[in-house]
Amino acid sequence: MIRNYLKIAWRNIRKQKFYAILNILGLTIGMTCCFLIFMYVRFELSYDTFHKQGDHIYRVVTDVKTPTELIESGITSMPMGPNINADFPEVKACVRILQDDMLVLAGENKYHESKVLVADSGFFSMFSFPLIRGDIKRVLAEPFSLVLSESKAKKYFGNADPIGKTLEVEGKKYTMKVTGIMKDIPENSHLPFDMVVSMTTASKGLGVDLENSWGNFGAMTYLLLEPGADATKLERKLPDFMERHVGKMMKTSNMYYTLHLERLKDVYMTSKKTAPVKGSVTNVYIFSFIALFIMLIAVINFVNLATARATERAREVGVRKAVGAYEGQLTLQFLCETLVLALVAFVLSLVLCQLLLPAFNMLSGKEIARYIFANAAVIWFFLIAVATGLLAGIYPAVVLSSYKPVVVLKGAFSSSTKGLFLRQGLVILQFAITIILIAGVLIVYHQLTYMQEKDLGFKKEQQLVIELRGIEKKEDKWVNIKQEILQMPGVTGVTLSSSIPSREHSSAYSKMEMKSGEMQASNIDVYFVDFDFIKQYGIKVIAGRDISGQMGTDSTRAMLVNEATVKSLGYSKPEDIVGKRFSQWGRDGKVVGVVKNFNYHSLRDDIHPLTIRFEPGSFELVTIGVRPEQAKKVVAGVESLYNRYAPDGRFEYFFVDDAFNRQYGNEERFGRLVLTATLLAISLAVLGLLGLISYIVIQRTKEIGIRKVLGASVGSILFLLSKDFLKLVLIALLIAMPLSWYLMYQWLQEFAYRINIHWSVFLLAGALALIIAFLAMSLQTVRAALSNPVRSLRTE
Amino acid sequence: MIQLKHVSKHYPVGFGKHEILNDIDLTIFEGEFVSIMGPSGSGKSTLLHILGLLEEPSRGEYLFEGESVHKMNEKKRTQLHRGAIGFVFQAYHLIDELTVYENIETPLLYKNVPASERKSRVADVLDRFNIVAKKDLFPNQLSGGQQQLVGIARAIVAEPRVILADEPTGNLHSDQAKEIMELFKLLNEKDKITIIQVTHSDVNAAYGHRIIQIRDGKIA
């Protein structure tokens, strides 16, 4: 029986090549898209699931409450973790991790290693990052121990055995001994790293006090709980714990810490706190929906075409019933046909997926998979394909097999209005989805352009930046460097600072005078800059004055603050804060001026309170204003100067505007993905429309002929054929508008600085959909309208 | 074998109804060859459809071999279809996508006849109707008469007790028609199959043992 079904299915496919190709093409596109997104979502959800003890690992995070604000932080201070471990028996182990980067010397070459962790010795016991060489308990015990990934070991030591060998780090300042080799870290780890340095390097080796600075945040802390221990119970005991250890300190500083525990699995995806690599739940949802949408469009195409063409199969149904078929058998037969199509599409999709995988990896910015067959997901794909086939086939199959043989066999049965309503509904749904996607793309790109072009409150163009890393931290040296660069042709200005917008910056435990006269302690963002920074970056001083080398006391006793600081301390006017006291990192003095807020983070984030002081010991970067036509020469000049001052260093440079825009890599990738999905959705909708209209044109050939004989113009026939569909597109627009407004409004909430959604976006999206629909239909309608009526009438 | 008691059929039209059959009483015995005649729209096709279980009467009772049809469930009725009744249509109604062989085989498939038996039975019928050479052709490659031959072959392959034929020769010219009617006669006499045919032609009607005239939904 099944063989008979398959035979019929195959003959039908061959007989109706145009529709079969249309259907298979649609399903293939839908499935390919769905499969790729499925892999992406699966990958995103797989983060940190490979740790064997993962269910018992928790990250400690901190909420810091000051009188004016609540800072949610993904990190802790150094003593918190070990003390929790000591105080609570249900905590089995604690590992603290710092992120770092290193300049590594290897013979003549210098490499900047950006993915370095500093970790407690229990690191490899807690997490399942397998060691290839070295003792799991000993590798991170001694100061200056270093564990390398397999590929880094190869990079530095080739095929030689690296264990016991040493690497010179930070311009021969330190010597690290390789104690272990680990497997390369999988991409789905929220901790990306190539090297791990022992925590004892900082404590014993460099004599940094890790055990007593409760207010100094920096470490990510992970706890391993005993099996069966209840994390919620432990979390409830933590306020007491904090009170016991630092109650007094919290009270005097007026900063209160609340600790929370997060499951390791939640760190990457659902946590609101920061992490080295962070996923986005919104994106996972959006992509899942897009996959669903595209699949839906493909399925709708199928259902529409199948029901519209149902009459062609009606007679067969009648005959089969007359010779004794059950309705169920017929349903099964039609389902079989759809499944054959779905499976053909499935096979094509697998091939396409494999071909597109490299491009998709690029598009998504990470290597999700190299081979689809290496992935257990293929089983899922098969199930998805079968489900698609069933979903697409069930309605047409039920409709077809329900035909009454008498009605059909009498021959009075010509065209059916049955399912017309449904068909129209589905076309509306299709176009609503398409319009939502088009509007989405427009809004995403609008937001991207907005972020790239918004006035950030500082000058980012033609600012070349180099790192001072590797140069001895001596003030006179830096004065010389600055002078030398200033004299180069093409240089318009030079300034040194601890950070620049888009770069990480420190925050400092500071006390600031509030309106009430009390000193308020808080962790506040800090920039340390020389006297030319504000001028060169074009940052506006809106109250008081800029810091200046002319004023003798400015080098130690003056501070600039931004508007956000003014607000957070409760002042209503910027003028009011000028002359107020501060105490920060051992310096005391007064606020001398207020700068206008500038976006030193990406536009996703709000502007936080920021203080700016002169502190040459903290300078890390040199910003060089350059004339664009001489930029190349300046870079070359600066490089040779750098190499003179830092023979062991590694010259690196970038431009501020590039660095700032690079922060939007994620958004750009997101935009590209949505754009691709939209193009696919549009092409699917067009395919569907093409199928429907071509069928309708065939059905109405005679009518068109008669109308032409009666004197209808080509235009009026085009209108006649298109108007029903265009009406549907208009209804779709009405449905899509509020939905897409809501969805994109939600997406925009992730940005502190965002565009307002203008109604014209929807108009544009709707117009685009209309034009596309019209053009797609024209392919068929124009031919029908131009055809010679004599021929179409003679066929009757 | 077949007994209709006070059978009526009407369709709703607007607020009223359109009477097609009105209080029909009819008995057909096993082995009969009955011709139903009447002008267009008189309800003869509807009567045939009711006999063939393709339509249900609005009122009245239909007994098939003494059993009341409207009390049967869908499954029983389909079984009756499969085992007892064969259809022959004016427009042949072969399945275009299937070959001659496959068309004839279809009723056996639905009857779950094992493959080997299917093969021999289809072969028998092909042989008997002299269409072995055409078994791999598709319906559109055959002439009208040949198509109807296949239609009849399909109707009898499942060895029905009744063949219902709705103007079986309506689309054929007289030579072909004669051939088909001879075949019916043979099936009736030799195979003892009860045959009920609807026809316009007096010549064809004369092949039957009995002619039933229908006018305005009533047996005249």
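How much of the chain is helix and how much is strand over residues 2-220 of chain B, and how far apart are the end C-alpha atoms? That stretch comes out at 36% helix and 27% strand, with its end C-alpha atoms 19 Å apart. Keep in mind as you look around that this is a predicted model. The boundaries of the stretch come from UniProt, where an unreviewed entry lists residues 2-220 of chain B as "domain: ABC transporter".

Let's stay with chain B and pick out its strands. Six of them make an open sheet with mixed pairing, and the order to trace is β6-β7-β8-β3-β9-β10. At the edges you'll find β6 (85-88) and β10 (218-219) of chain B; each has a single partner strand, so one side of each is left without a neighbour in the sheet. Further in, strand β3 (residues 33-37) of chain B runs parallel to strand β8 (residues 194-198) of chain B, and four bridges join the two.

Now over to chain A. Its C-alpha trace spans about 105 × 60 × 55 Å along the principal axes, and the chain holds 25 helices and 23 strands. Of the 796 residues in chain A, 42% are buried. Take the contacts in chain A with a separation of 6 or more: 82% of them are between residues 24 or more positions apart.

What about the inside? The largest nonpolar core has 172 residues, and those touching the most other members are Cys34(A), Ile294(A), Ile297(A), Phe431(A), Ile435(A), Ala439(A) and Ala681(A). Helix α9 (residues 281-308) of chain A gives the most to this core, with 17 residues. Apart from it lies another core, of 59 residues, including Tyr58(A), Val95(A), Leu167(A) and Leu191(A). Back to Ile435(A): setting aside neighbours within four places in sequence, this residue is in contact with Ala732(A), Leu733(A), Ala736(A), Ser740(A), Ala765(A), Gly766(A) and Ala769(A).

Finally, see where the chains meet. The contact takes 20 residues from chain A and 18 residues from chain B. On the side of chain A that touches chain B, α1 (2-15), α10 (310-322) and α13 (405-409) of chain A each supply at least two residues. By class, that side of chain A has ten nonpolar, five polar and five charged residues.

Methods: Residues are numbered from 1 along each chain as its sequence is written. Chains are lettered from A and ligands numbered from 1 in the order in which they are written. This is a predicted model: local features need pLDDT of at least 70, side-chain atom pairs count only at pLDDT 80 or more; totals for chains, interfaces and linings use all residues. A nonpolar core is a set of buried Ala, Val, Leu, Ile, Met, Phe, Trp, Tyr and Cys residues joined through C-beta atoms within 7 Å. A residue is buried if 20 or more other C-beta atoms lie within 10 Å of its own, exposed if 12 or fewer, and partly exposed in between; C-beta atoms are placed from the backbone. Two residues are in contact if their C-beta atoms, placed from the backbone, lie within 7 Å. Ala, Val, Leu, Ile, Met, Phe, Trp, Tyr, Cys and Pro count as nonpolar, Asp, Glu, Lys and Arg as charged, and the others, Gly among them, as polar. Two strands pair if DSSP finds at least two bridges between them. UniProt positions are given in the numbering used here, feature names are shortened, and annotations may be inferred rather than shown by experiment.
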